[in-house]
Amino acid sequence: MLVHVVDSGMGNVGSLVSMMHRIGVEAVAARNGGDLAGARRVVLPGVGSFDRGVAGLRTGGLWEALDGLARAGCPVLGICLGMQLMAQGSDEGVQAGFGWLPVRVERMRPGPESSGFRLPHMGWAPVRVERAGVLFEPGAAGQRFYFAHSFAIAADDGDPAAVATAEHGRRFVAAFERGNLMGVQFHPEKSHRFGRRLLERFVLGADRA
Amino acid sequence: MPRARIIPCLTLLERRLVKTRRFTGPRYLGDPINAMRIFSDKEADELVLLDIGAQGRGPDLDLLGRLASEAFMPVSYGGGITTAAQAESVLQAGFEKVVIGSSALQRLGFVSELAARVGSQSVVVSLDVRGGGGAGFRVVRSRGAIEVADDPVLAARRLADAGAGELIVHQVDRDGTRCGYDLELVRMVSSAVGVPVVALGGAGSVGDLRAGVAAGAAAVAAGSLFSLFGRREAVLLTYPGDEVGRWER
């Protein structure tokens with residue numbers, strides 16, 4: 001299985017490709033729309049601000065190619081900003097996201113009982129698996145991942161797409177699955193065995209989405 | 001809130017891992033790629049890599065790319081970053097964050113520019129601080145030669161306001177002493193800003209790490225604690241295991 005990792009100049013492509021190799025999967029960087037032709041698994045990383053993320057993808061035909069692949073049912077995994085770009089928009093910027101998810105990304109803020117709340121949300125946090133699927137196996141517990149962000153998608157109770165949530169001030173979506181579209185707010189490529197397992201499950205199991 | 005992070009801080013000089021103490025030394029420790037692999041295998045929370053030979057030369061991107069491919073935890077890099085383009089190259093090479101030194105206080109616009117380009121979560125400023133214990137603190141740069149500020153709290157606030165997403169408070173006078181963090185300094189800075197603060201300088205035991213967290217540090221970093229062992233300071237790369245448990249903040 002070949003994984004295409006989108007390289008728009010904003011994101012940790014090198015680390016993702018390294019981890020893919022550790023899993024035993026071949027990965028290539030896709031720098032323009034043409035590079036994505038025939039893709040069967042796409043990972044969309046992203047580090048930085050929302051508007052710059054949009055601008056980066058708007059060059060070289062990446063935006064149109066990704067949108068086409070998403071609508072055609074190709075499994076796509078967004079990571080951190082990559083996941084946020086799948087939403088309609090973000091408090092962080094003025095540009096529109098892909099809109100594959102009918103939600104907005106909001107600036108995180110303390111909850112009524114938060115003490116020691118800091119932004120960015122930076123570090124390892126436990127993730128509550130809400131339902132098993134492609135990314136998490138049934139009974140998955142003790143999952144923790146590395147987060148580095150100041151914006152997030154709020155977790156609405158009972159949202160079936162939110163497969164995992166975490167809390168920082170308020171509960172937010174840590175991972176979602178909506179058919180062939182998936183996203184994680186944390187960095188699996190920087191989360192040791194937990195991230196490796198999740199990426200493995202995406203690569204091997206996404207056809208069952 | 002996220003678990004307090006424990007962060008080995010490694011120093012590079014001419015592609016070799018070295019240990020310095022209060023800007024002097026350096027003592028050769030070993031191969032950096034090997035060290036990165038070891039800390040990644042030990043599932044370290046995070047790691048900070050500082051290249052003290054990079055001033056004027058800029059980041060050694062070839063080495064950095066190879067180092068980043070060994071790490072499955074976030075790694076921050078600092079050393080010789082003076083332009084946003086250099087910062088972006090370092091992040092593209094596989095590093096999570098870039099570290100700028102105390103000179104950032106005299107270039108607040110650069111901090112803001114970086115934050116706008118790569119996001120605050122990827123911009124760390126490391127404040128080198130000396131003094132304390134009733135004598136007053138001073139923030140220094142250029143290996144301690146130049147004072148840039150006499151109030152670490154004000155300095156921290158300015159940097160956080162400018163867009164730094166994380167601050168390392170490095171108590172230089174305690175480097176390698178293993179006598180514990182400067183808890184007064186950690187407390188002062190942690191309570192003054194809303195961004196995560198990393199304590200560095202003086203940690204000699206797991207107890208010291210816990211004390212740093214109790215004083216308000218979001219993360220506790222150390223160099224010699226994780227790279228040297230015993231009175232004779234033999235080179236030994238270690239990382240606390242399950243005994244530290246899950247710390248609550």
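1. Let me start with B:V125, which lies in strand 7 of chain B; strands here (E, at least two residues) and helices (H or I, at least four) are DSSP runs, numbered from the N terminus. Please keep in mind that this is a predicted model, in which local features need pLDDT of at least 70, side-chain atom pairs count only at pLDDT 80 or more, and totals for chains, interfaces and linings use all residues. Residues are numbered from 1 along each chain as its sequence is written, chains are lettered from A and ligands numbered from 1 in the order in which they are written, and side-chain values use heavy atoms, with hydrogens and water left out.

2. Is B:V125 buried or exposed? With a relative accessibility of 0%, B:V125 counts as buried; the term buried means under 20% relative accessible area, exposed means over 50%, and partly exposed is what falls in between (1.4 Å probe, protein chains only). Setting aside residues up to four places away in sequence, B:V125 touches B:I100, B:G101, B:A104, B:V111, B:L159, B:A164, B:E166, B:L167 and B:I168, where contact means heavy atoms within 4.5 Å. The C-alpha atoms of B:V125 and B:G165 are separated by 8.2 Å, and these two residues are 40 residues apart along the chain.

3. B:G131 also belongs to strand 7 (residues 123-131) of chain B. Leaving out neighbours within four places in sequence, B:G131 is in contact with B:G136, B:F137, B:R138, B:Q171, B:D173 and B:D182. From B:G131 to B:E233 there are 102 residues along the chain, and 26 Å separates their C-alpha atoms.

4. B:E233 deserves a look of its own. This residue sits in the loop between strand 13 (228-229) and strand 14 (234-235) of chain B, and its phi is positive, about 50 degrees, although B:E233 is not a glycine. B:E233 is partly exposed, at a relative accessible area of 27%. For context, most residues other than glycine have a negative phi, and most peptide bonds are trans.

5. Although not a glycine, B:R178 has a positive phi of about 55 degrees. Where is B:R178 placed? The loop between strand 10 (166-171) and helix 6 (183-190) of chain B holds B:R178, which is partly exposed with a relative accessible area of 26%.

6. Now for chain B as a whole. This chain has 8 helices and 14 strands. Its radius of gyration is 16 Å, close to the 18 Å that the globule rule gives for 249 residues, so chain B is as compact as a globular protein of that length; the radius is taken over C-alpha atoms, and the rule is 2.2 Å times the number of residues to the power 0.38. The C-alpha trace spans about 40 × 40 × 35 Å along its principal axes. Of the 249 residues of chain B, 60% count as buried. Among contacts in chain B with a separation of 6 or more, 68% come from residues 24 or more positions apart.

7. The accessible surface of chain B comes to about 9,500 Å², and carbon and sulfur atoms account for 48% of that area; the areas come from the Shrake-Rupley method with a 1.4 Å probe, and for residues only the protein chains shown count as cover.

8. Turning to chain A, strand 13 (residues 181-184) has A:L181 and A:G183 pointing one way and A:M182 and A:V184 the other way, and all are buried. Strand 4 (residues 76-79) pairs with strand 13 of chain A in the parallel sense over 4 bridges, where pairing requires that DSSP finds at least two bridges between two strands. A:L77 stands opposite A:M182 in strand 13 of chain A.

9. Strand 12 (residues 170-178) of chain A is joined to strand 13 of chain A by 4 bridges, and the two run antiparallel. A:R178 has A:L181 of strand 13 as its bridge partner. The hairpin of these strands has 2 residues between them, and there A:G179 takes a positive phi near 65 degrees.

10. Chain A also has an open sheet of 3 strands in the order 5-6-10, with mixed pairing. Strand 5 (89-90) and strand 10 (151-152) of chain A stand at the edges, each with a single partner strand, so one side of each is left without a neighbour in the sheet. Strands 6 and 10 of chain A run antiparallel and are joined by 2 bridges, with A:A152 in strand 10 as the bridge partner of A:E106.

11. Finally, a cis peptide bond: the one from A:L119 to A:P120 has omega near 0 degrees. A:P120 lies in the loop between strand 6 (104-107) and strand 7 (121-126) of chain A.
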